[in-house]
Amino acid sequence: MNIWVFLGPPGAGKGTQAVTMAGDLGMPHVSTGDLLRRALREGTEVGIRAKSFMDAGDLVPDEVLLDLVRGRLTSDDAAGGCVLDGYPRNLAQAESLDEMLRELGAGIVGVLNLSVSEETLVGRIAGRRSDESRVDDAAETVRNRMRVYEEQTAPLVVHYRSRGLLLDVDGEPGVEEVRAAVRSAVAAAS
């Protein structure tokens, strides 16, 4: 099982690029955000536990996310691997993910890091909020999500770079240009 991971701040385009990459590789796209939103819609125990954290723009507790990811990675369609979008989000999650992948006989092939300026991010999030009516993109939570990213998720860039897994991609250009850069990075790492 080969795992690809996408990193980047909220609004960087991780979901858009991860979906395309998963299709290119014939692997499932596994988004913790999508898994959590589904759990919320379905009113599952995990969804109820996660709701208060998501509404405040805080990260959902690590053990809840790990349970969601483990369940998804052990699905039949993920036997050959997947593209992870939104996980891990902190160093503790990265360590838990590594441990789980060892247990599953899997490993991370590469970590794509989409770099985007704060000005671009704010514009993208505002557009996504109005186009998709996403509760987690409400104006009052955006600032907190960006702060949480800088404090907890940005250190993963250093972590994965030190392991030789990081693939930096400029996320500023349009979707098609970024998609081409992602494809080039994946081809070089494969």
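This is a predicted model: local features need pLDDT of at least 70, side-chain atom pairs count only at pLDDT 80 or more; totals for chains, interfaces and linings use all residues.
Local features are described only where pLDDT is at least 70, side-chain atom pairs count only at pLDDT 80 or more, and totals for chains, interfaces and linings use all residues. Residues are numbered from 1 along each chain as its sequence is written, and side-chain values use heavy atoms, with hydrogens and water left out.

Helix α3 spans residues 45-55; helices here are DSSP runs (H or I, at least four residues), strands are runs of E of at least two, and both are numbered from the N terminus. Gly47, Ala50 and Met54 of this helix are buried, where buried means under 20% relative accessible area, exposed over 50%, and partly exposed in between (1.4 Å probe, protein chains only). These residues sit on the same side of α3, because they cover an arc of only 75 degrees around the axis, the arc being that of the directions from the helix axis to the C-beta atoms. In general, an α-helix has 3.6 residues a turn, so residues three or four places apart point the same way. Over on the other side of α3, Glu45 and Ile48 are exposed. Just past the end of α3 comes Gly57, with a positive phi of about 80 degrees.

So what covers the buried residues of α3? Part of that cover is α2. The two helices, α2 and α3, pack at about 115 degrees with their axes 8 Å apart; axes are lines fitted to C-alpha atoms, for helices over the stretch in contact, and angles run from 0 to 180 degrees between N-to-C directions. That makes α2 roughly perpendicular to α3 (65 to 115 degrees; under 35 counts as roughly parallel, over 145 as roughly antiparallel, and the rest as oblique). Leu36, Arg37, Ala39 and Leu40 of α2 make the contact with Val46, Gly47, Ala50, Lys51 and Met54 of α3, contact meaning heavy atoms within 4.5 Å.

Helix α2 (residues 32-42) also holds Thr32, which counts as buried because its relative accessibility is 2%. A polar atom of the Thr32 side chain lies 2.9 Å from the backbone oxygen of Gly86. Setting aside neighbours within four places in sequence, Thr32 is in contact with Leu65, Val69, Asp85, Gly86, Tyr87 and Arg89. One of these, Tyr87, is joined to Pro88 by a cis peptide bond, with omega near 0 degrees. Pro88 itself is found in the loop between β3 (81-85) and α5 (91-104).

Note on methods: A polar contact is a pair of N or O atoms within 3.5 Å; within protein, one must be able to donate a hydrogen and the other to accept it, and residues adjacent in sequence count only if both atoms are side-chain atoms.
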